Amino acid sequence: TLIENKIAGVNAVLKDTADGLPEISVSCGAIFGNNLPVSRLVRLADEALYRVKRNGGCGCEVVTGGSL
């Protein structure tokens, strides 16, 4: 997805240590859904984030209404 591609681009920049800063990365979970309580949306996004972290981090998982 577009969001996953943008996060991959951010991580590519953050891995470059030419600026003297240590290598870091970003992991995120995102959710797009309608008609769900906010508490459920937050829990689904959090679960997506932890799936990324369990798979080594440095990435993004986007969950959409079709996969809820």
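**Charged pairs and cysteines**

Reply: Glu-47 is partly exposed, with a relative accessible area of 33%, and this value, like those that follow, comes from a predicted model. Its partner in a salt bridge is Arg-43, with 3.0 Å between the closest N and O atoms, and Arg-43 is likewise partly exposed, at 40% relative accessibility. Both residues belong to helix 2 (residues 38–54), where they stand four residues apart, which means that about one helical turn separates them.

The count of salt bridges comes to two, and the other joins the side chains of Glu-61 and Arg-51, at 2.6 Å from N to O. Here Glu-61 lies in strand 2 (residues 60–64) while Arg-51 lies in helix 2, so this pair ties together parts that are ten residues apart in sequence. Glu-61 counts as partly exposed at 23% relative accessibility, and Arg-51 is also partly exposed, with a relative accessible area of 29%. As a general point, side chains of opposite charge can pair when their charged atoms come close.

Turning to the cysteines, a search of the whole structure finds zero disulfides. For Cys-58, the closest cysteine sulfur is that of Cys-28, and because the two sulfurs are 11 Å apart, they are too far from each other for a bond; the cut-off for a disulfide is 2.5 Å.

How values were computed: Residues are numbered from 1 along each chain as its sequence is written. This is a predicted model: local features need pLDDT of at least 70, side-chain atom pairs count only at pLDDT 80 or more; totals for chains, interfaces and linings use all residues. Side-chain values use heavy atoms; hydrogens and water are left out. A salt bridge is a side-chain nitrogen of Lys or Arg within 4 Å of a carboxyl oxygen of Asp or Glu. Helices (H or I, at least four residues) and strands (E, at least two) are DSSP runs, numbered from the N terminus. Buried means under 20% relative accessible area, exposed over 50%, partly exposed in between (1.4 Å probe, protein chains only).
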